[in-house]
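Have a look at the model first, then work along.

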Amino acid sequence: MLKSLTILLAFQALGELLSFALFPSIPGPVLGLIALLVFFFIKGGVPADIQSTANVFTANLGLLFVPAAVGVVVFWPVLAEFGLVILMTLLVSVVVTLVGTAWWLDKLAARFMPGEVSEGSKNE
């Protein structure tokens, strides 16, 4: 199991390195998973030791949700009292963020790329 954990962590580290050096917009774990998938294709399948380690992780995956569930249970009275206000605040903040980001993008595109994006989309 130690060998397979080392392999999995090495691919995650490789993904973080690739993310830092070459693809900063893609999360490191995603790049690590892609590299691991390529490794599995080259090997012709998932090695048995990595498969058994992955089975242990997936069998205990539910443990990762325990802290979130405990937080919901602990703060249930607050959520029951202010749930609608929290939901409305989240919805309004998402809409304001999306509209604000689109507005800024339009202004920056008009300034830094005149005639390419902003004005071209207005003429259509």
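**Exercise 1.** How many Å apart are the mean positions of the positive and negative charges of the protein?

*Solution.* Start with the ground rules: this is a predicted model, where local features need pLDDT of at least 70, side-chain atom pairs count only at pLDDT 80 or more, and totals for chains use all residues. Residues are numbered from 1 along each chain, and side-chain values use heavy atoms, without hydrogens and water.
Next, count Lys and Arg as positive and Asp and Glu as negative, leaving out His and the chain ends. Place each charge at NZ of Lys, CZ of Arg, CG of Asp or CD of Glu. The 5 positive and 7 negative charges then have mean positions 7 Å apart.

**Exercise 2.** Classify the ring pair of phenylalanine 39 and phenylalanine 40.

*Solution.* Rings of Phe, Tyr and Trp (its six-membered ring) pair if their centres lie within 6.5 Å; planes under 30 degrees apart are stacked, over 60 edge-to-face, the rest tilted. The structure holds three aromatic pairs. For phenylalanine 39 and phenylalanine 40, the centres are 5.9 Å apart and the planes at 50 degrees, so the pair is tilted. Ring pairs also link Phe11, Phe39 and Phe40 into a cluster.

**Exercise 3.** Is phenylalanine 40 buried or exposed?

*Solution.* Buried means under 20% relative accessible area, exposed over 50%, and partly exposed in between (1.4 Å probe, protein chains only). Phenylalanine 40 has 15%, so this residue is buried. Phenylalanine 39, at 23%, is partly exposed. Across the protein, buried residues make up 12% of the 124 residues.
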